[in-house]
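Here is a short briefing on one protein model. Keep the sequence and the 3D view open while reading.

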Amino acid sequence: MYYFSNAKATTCKEAIQRWEEKTGLTASEQKEIILSFQWPPIEKMDNNLASLAAVEKLSLSTNMIERITGINSLKNLRILSVGRNYIKTFSGLEAVGEHLEELWISYNLIEKIKGVNVLKALKVLYMSNNLVKDWAEFNRLQEIPNLEDLLFINNPICENIDVESWRSQVIRRLPKLKKLDAIPIV
């Protein structure tokens, strides 16, 4: 029987090469790159991502990534999808904070929201199914000046509260929101 733990992780360089072979395109020229569902999974974002100079939407979902790194030179990055990984913090986003508009980071291991204040251009944050437990952490979302669309269901903070109370609490704390948990705010 083949055990997963014996498999050597896929590197970003290998994932990019596979993507180019599969699509017949040059990754450095493309606006959208999908490196999700690698087998074996990617465990580390690294500086090979810097070769994706034109990328606006980068997906690294469903891998085994623990930290966001290697994206400092991605000046065109607007959407970063890193859902279904093992990410614990928002660190690593500082260099893209001025232009990143959407962060899809659901199904990770995030308890603390520290560091989101760098996300000056962020409008969409999908971070359902993480580990945020308390309102003090949740309130850090107030540090994201342009946040309009928040997906936050299935965090421990949502567990013992009915939907109406949840929505009114969030709307009170984040009055600029236009959509919460996929439902427009009227």
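Beyond its neighbours within four places in sequence, Leu125 is in contact with Phe90, Leu103, Ile105, Leu141, Ile144, Leu147, Asp149, Leu150 and Leu151. The model is predicted.

**Nonpolar core**
- The largest nonpolar core holds 49 residues.
- Leu125 is among the members that touch the most others, along with Leu58, Ile71, Leu103 and Phe152.
- Helices H1 (12-23) and H3 (163-173) each supply at least two residues of this core.
- H1 gives the largest share, with four residues.
- In soluble globular proteins, nonpolar side chains tend to be buried together.

**Sheet**
- Eight strands form an open sheet with mixed pairing.
- Their order is E1-E2-E3-E4-E5-E6-E7-E8.
- Strand E1 (32-34) and strand E8 (183-184) are the edge strands, and each pairs on one side only.
- Strands E6 (residues 149-151) and E7 (residues 179-180) run parallel and are joined by two bridges.
- Leu150, one of the contacts of Leu125, has Leu180 in E7 as its bridge partner.

**Surface patch**
- Tyr86, Leu109 and Leu131 make a nonpolar surface patch of about 230 Å².
- Tyr86 sits in the loop between strand E3 (79-81) and strand E4 (102-104).
- Is Tyr86 buried, partly exposed or exposed? Tyr86 counts as partly exposed because its relative accessibility is 37%, and that class lies between the buried limit of 20% and the exposed limit of 50%.

Terms used: Residues numbered from 1 in each chain as written. Predicted model: local features only at pLDDT ≥ 70, side-chain atom pairs only at ≥ 80, totals over all residues. Heavy atoms only, no water. Core = buried A, V, L, I, M, F, W, Y, C linked by side-chain atoms within 4.5 Å. Buried < 20%, exposed > 50% of the residue type's maximum accessible area, 1.4 Å probe, protein only. Contact = heavy atoms within 4.5 Å. Patch = residues over 30% accessible without salt bridge, like charges linked within 9 Å, V, L, I, M, F, W, Y side chains within 5 Å. Areas by Shrake-Rupley, 256 points an atom, 1.4 Å probe, with all protein chains shown as cover. Salt bridge = Lys/Arg side-chain N within 4 Å of Asp/Glu carboxyl O. Pairing = 2+ DSSP bridges.
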